Amino acid sequence: MSLYKLADRLQEIRFSKNGLCAMELEGRKITLARKGDRLFAFSGICPHAGHELADGYLDSKNCIVCPLHNYRFSLSNGFDTSGEGYHIKIYKTKRLSDGWYVDFV
């Protein structure tokens, strides 16, 4: 288990108006998405054409939508929802007593 602390509270993370936050952590480009009190963490780059996913949006089905070609990736398993075979890495987030963490297992 490789836990890395993101913040003490969700309010400390600087999310854009689209509810996403791009960051580099331990040499990895990741994107964070907030939906209510849930926090998602996933690859920062779309595998289809290399666009930054933090420029996209989170849809009502908890999919991250790439703004370049509208590829949708499920945040439960990382696979694109249209079946082309692309996928993104999904990282687990954890809320512990001292803050929010991402797990790079």
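Modeller: Let's start with Asp-59, which counts as buried because its relative accessibility is 13%. Keep in mind that this is a predicted model.

Colleague: Okay, where is Asp-59 found?
Modeller: Asp-59 is buried, at 13% relative accessibility. As for its place in the chain, it is found in the loop between β5 and β6.

Colleague: And which side chain does Asp-59 join in a polar contact?
Modeller: Polar contacts are N or O pairs within 3.5 Å. The side chain of Asp-59 has one at 3.2 Å, and the partner is the side chain of Arg-72.

Colleague: What is the phi of Asn-62?
Modeller: Asn-62 lies in the loop between β5 (57–58) and β6 (63–65). Most residues other than glycine have a negative phi. Asn-62 is not a glycine, yet its phi is positive, near 60°.

Colleague: Let's turn to the cysteines. How many disulfides does the structure hold?
Modeller: A disulfide needs two cysteine sulfurs within 2.5 Å. For Cys-21, the closest cysteine sulfur is in Cys-66, 17 Å away, so that is too far for a bond. The sulfur of Cys-46 also has Cys-66 as its closest cysteine partner, but 3.9 Å is still too far for a bond. The count of disulfides is 0.

Colleague: What is the relative accessible area of Cys-46?
Modeller: Buried means under 20%. Cys-21 counts as buried at 9%. Cys-46 is buried as well, and its relative accessible area is 3%.

Colleague: Now the rings. Why is the pair of Tyr-71 and Phe-73 called stacked?
Modeller: The structure holds 4 aromatic pairs. In the pair of Tyr-71 and Phe-73, the ring centres are 6.5 Å apart. Planes under 30 degrees apart count as stacked, and this pair is stacked because its planes are at 20°.

Colleague: What is the relative accessible area of Phe-73?
Modeller: Tyr-71 is buried at 15% relative accessibility. Phe-73 is buried too, with a relative accessible area of 0%.

Colleague: How do the rings of Tyr-91 and Phe-104 pair?
Modeller: Their centres are 4.8 Å apart, with the planes at 80°. Planes over 60 degrees apart fall in one class, so the pair of Tyr-91 and Phe-104 is edge-to-face.

Colleague: How many residues apart in sequence are the parts that this pair ties together?
Modeller: Tyr-91 lies in strand β8 (residues 90–96), while Phe-104 is in the segment after β9. Tyr-91 is buried, at 10% relative accessible area, and Phe-104 is buried at 6%. The parts tied together by the pair are 13 residues apart in sequence.

Colleague: Which residues do ring pairs link into a cluster?
Modeller: Tyr-91 and Phe-104 form an edge-to-face pair. Both belong to a cluster linked by ring pairs, made up of Tyr-91, Phe-104 and Tyr-4.

Colleague: What residue has its charged end over the ring of Phe-104?
Modeller: Phe-104 itself is buried, with a relative accessible area of 6%. The charged end over its ring sits 4.2 Å from the ring centre and belongs to Arg-28.

Colleague: Let's look at Asp-103. Which side chain of opposite charge is nearest?
Modeller: Asp-103 has its place in strand β9 (residues 99–103). A polar atom of its side chain lies 3.3 Å from the backbone nitrogen of Ser-2. Asp-103 is buried and has no salt bridge, and at 4.0 Å the nearest side chain of opposite charge is Lys-94.

Colleague: Last one: what separates the C-alpha atoms of Asn-18 and Leu-58?
Modeller: Asn-18 has its place in the loop between β1 (3–7) and β2. It is partly exposed, with a relative accessible area of 29%. Asn-18 and Leu-58 are 40 residues apart along the chain, and the separation of their C-alpha atoms is 7.8 Å.

Key: Residues are numbered from 1 along each chain as its sequence is written. This is a predicted model: local features need pLDDT of at least 70, side-chain atom pairs count only at pLDDT 80 or more; totals for chains, interfaces and linings use all residues. Side-chain values use heavy atoms; hydrogens and water are left out. Helices (H or I, at least four residues) and strands (E, at least two) are DSSP runs, numbered from the N terminus. Buried means under 20% relative accessible area, exposed over 50%, partly exposed in between (1.4 Å probe, protein chains only). Lys and Arg count as positive and Asp and Glu as negative; His and the chain ends are not counted. A polar contact is a pair of N or O atoms within 3.5 Å; within protein, one must be able to donate a hydrogen and the other to accept it, and residues adjacent in sequence count only if both atoms are side-chain atoms. Rings of Phe, Tyr and Trp (its six-membered ring) pair if their centres lie within 6.5 Å; planes under 30 degrees apart count as stacked, over 60 as edge-to-face and the rest as tilted. A charge sits over a ring if NZ of Lys or CZ of Arg is within 6 Å of the ring centre and within 35 degrees of the ring normal.
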